[in-house]
Amino acid sequence: MMSDTNYLTTDFTLRSWFLTTDHKRIAILYFASLIVFFFIGGAAATLIRIELATPQADLVSSDVYNRLFTMHGIIMVWFFLIPSIPNTLGNFIVPLMIGARDLAFPRLNLMSWYIFMLGGCTTLFAIFAGGVDTGWTFYTPFSTLYSNSYVIVAAAGVFIAGFSSILTGLNFIVTIHRLRAPGLTWYRLPLFLWSLYATSVILVLATPVLAITLLLMATERFFGVGIFDPRIGGDPLLFQHLFWFYSHPAVYIMILPGMGVINELISCFSRKQVFGYKFVAWCSLAIAAVGFLVWGHHMFVSGQSLVASLVFSFMSFIVAVPSAIKVFNWTATLHKGSIHFDAPMLYALGFIGLFTVGGLTGLFLACLAYDVHATDTYFVVAHFHYIMVGGMVTAYFGGLHYWWPKITGRLYSEYWARTAAVLIFFGFNLTFFPQFILGAEGMPRRYHVYPPEFQVWNVLSSGGATILAVAYLMPLFYLGYSAFFGKRAPANPWDAPGLEWQTSSPPPEHNFTTQPVVTRDPYQYNEAFQAEPQNA
Amino acid sequence: MTDWRPPLALIGAWLGLLALLALTVTLAYVPLGAGNAVVALTIGTIKAGLVATIFMELWHRRGLTLVFAGAGLFWLGILLYLGSMDFLTRT
């Protein structure tokens with residue numbers, strides 16, 4: 001039942017929202033901001049897909065097209081994917097899951113949102129004042145010597161947002177170490193927290209390197225100091241080494257929290273413990289660690305030495321092992337489970353399929369010989385969208401539906417939620433599977449015109465994107481409606497054992513009226529919770 | 001309201017960093033060949049040590065804080081090792 005006073009009803013003033021130190025309200029601030037960024041990035045993708053419906057240039061010039069895919073990449077990577085699960089669901093759920101009143105540093109948490117918004121607004125200014133045409137990777141020498149766009153302003157926005165990432169990572173690490181409820185040992189932690197912990201370690205260790213890289217880029221562009229330009233003593237590959245040292249682990253910043261969400265969903269809607277809990281937990285840390293050793297696979301055709309390429313290729317195969325362990329363990333969890341096809345579970349099942357396709361095609365790209373053929377083709381575009389959109393965004397939507405009753409205290413329409421989940425799965429595959437074929441046939445990425453023989457696959461892809469766009473818009477309406485008019489949610493609509501379900505929906509300002517004490521493992525569905533999900 | 005003054009150690013470390021900066025700039029103009037890079041990196045390492053021990057207060061820390069600081073250093077080593085592997089094996 002909805003309690004009389006909760007974090008939503010303690011105060012209704014704008015001041016109470018914009019100066020709040022309550023992790024739950026800060027999560028809502030992030031959530032609202034990320035919706036805006038998601039739809040700006042999505043608008044750029046829509047224009048790209050409309051342009052690519054025909055082989056010739058109909059809608060935009062090559063110059064505008066360059067700015068569109070750059071805008072799409074920068075916004076989606078740094079202002080949606082990276083903060084999505086940690087800063088919204090993580091911010092809301094972490095203290096509830098560990099039985100704490102708040103994160104370890106509540107003011108730092110609020111500051112990280114303001115820094116994020118400053119970075120986001122700076123980047124948006126660069127994009128709307130004239131745009132950036134370097135691609136999201138800011139590769140030199142284009143970004144330092146030739147591009148006349150607002151590249152440094154956009155990079156400054158990303159640089160600023162990086163501090164927000166570091167603060168959030170630091171906050172989660174300290175919170176998970178210091179604020180766990182009595183009895184909540186490391187092996188009793190929900191796997192979502194193991195994933196967020198691994199993500200936070202990457203955030204703290206990798207993000208400073210991105211900041212240094214962007215500063216060096218600005219230094220060379222403004223002061224002519226030879227860092228990347230070989231004519232003045234620099235090394236042209238140094239930028240790529242530094243950039244990918246951050247940006248490949250950033251892929252795991254994006255996907256690890258998604259994997260964490262999937263653990264919760266698969267377990268809850270199979271009514272079973274996660275198979276091989278310790279393996280899954282340690283695999284999160286293994287992915288975080290080994291993920292730092294593979295960045296050179298982005299540089300196989302850059303002129304990097306063959307020895308380095310061989311080492312990075314080998315390590316790229318190694319990093320697939322802990323990811324594969326997770327997929328096998330989720331599948332084993334489903335085996336003989338009491339499976340309920342509620343909307344969050346549909347997203348979770350979609351995630352497993354899409355992430356697996358994305359992961360397996362990543363192994364193609366880890367092969368030196370095939371990568372030479374596939375580099376800069378639509379095969380790469382399809383591969384990373386299967387991971388980041390098919391994986392991460394699907395997990396984000398799954399987690400959002402799972403914890404929505406806790407966040408808002410309201411139940412949404414199962415019918416519309418299931419319809420959206422199914423549409424997202426089919427729309428996504430129709431959009432991106434044809435791109436594997438286009439890439440294998442040699443269609444390069446980042447061109448707004450292409451030979452006519454590629455049109456069939458491009459039309460299919462654009463058609464799929466239309467379905468996907470509609471499916472992504474649907475939750476905005478039915479979740480938005482439910483937030484105001486939905487049925488009141490009970491404290492524990494899924495009959496789940498996690499601590500977050502033991503407080504009211506929505507939770508009170510300080511989460512728990514009495515300090516919870518943990519006496520059992522995290523996924524004890526068989527012993528303590530035989531009941532069916534109440535929302536089913 | 002009491003007047004707050006920065007501890008002497010912080011002021012000393014700051015002055016030390018400025019002196020090392022001046023030394024870096026001065027020695028950059030002395031023709032030492034490959035020795036210039038060695039000198040610059042050595043001074044840079046001393047500066048990083050000052051920041052870590054005094055500004056970050058690692059000198060007085062134990063346990064988990066040192067583990068995380070060590071992890072940062074270890075990861076820097078990974079960047080330098082795998083990054084330099086490319087430079088050293090190019091043909």
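Which residues of H3(B) are buried? Keep that in mind while opening the structure, which is a predicted model.

**Stop 1: helix H3 of chain B.** Select residues 64–89 of chain B. This helix has 26 residues, and from its first C-alpha to its last it reaches 37 Å, close to the 38 Å expected at 1.5 Å a residue. Now pick out B:Trp75, B:Leu82 and B:Asp86, the buried residues of H3(B). Show chain A as well: these buried residues pack against H7, H8 and H10 of chain A.

**Stop 2: where the chains meet.** Between the two chains, 14 residues of chain A are in contact with 13 residues of chain B. On chain A, select helix H7 (191–223), helix H8 (238–270) and helix H10 (306–334), each of which supplies at least two residues of the side that touches chain B. H10(A) gives the largest share of that side, three residues. By type, the residues of chain A's side are nine nonpolar, five polar and no charged.

**Stop 3: a helix pair within chain A.** Select residues 62–98 of chain A for helix H3 and residues 106–129 of chain A for helix H4. Their axes are 11 Å apart, and the helices pack at an angle of about 165°. Because angles over 145 degrees count as roughly antiparallel, H3(A) is roughly antiparallel to H4(A). The crossing of H3(A) past H4(A) is left-handed.

Next, show the side chains at this contact. From H3(A), select A:Met71, A:Ile74, A:Phe79, A:Pro83 and A:Asn91. From H4(A), select A:Asn109, A:Phe116, A:Gly120, A:Thr123 and A:Ile127. Colour the residues of this contact by type: six are nonpolar, four polar and none charged.

Conventions:
Residues numbered from 1 in each chain as written. Chains lettered and ligands numbered in written order. Predicted model: local features only at pLDDT ≥ 70, side-chain atom pairs only at ≥ 80, totals over all residues. Contact = placed C-beta atoms within 7 Å. Helix = DSSP H or I, 4+ residues; strand = E, 2+ residues; numbered from the N terminus. Nonpolar A, V, L, I, M, F, W, Y, C, P; charged D, E, K, R; others polar. Axes fitted to C-alpha atoms, helices over the stretch in contact; angles between N-to-C directions. Parallel < 35°, antiparallel > 145°, perpendicular 65-115°, else oblique. Left-handed = near helix turned anticlockwise from the far one by under 90°. Expected span 1.5 Å × (residues − 1). Buried ≥ 20, exposed ≤ 12 C-beta atoms within 10 Å, placed from the backbone.
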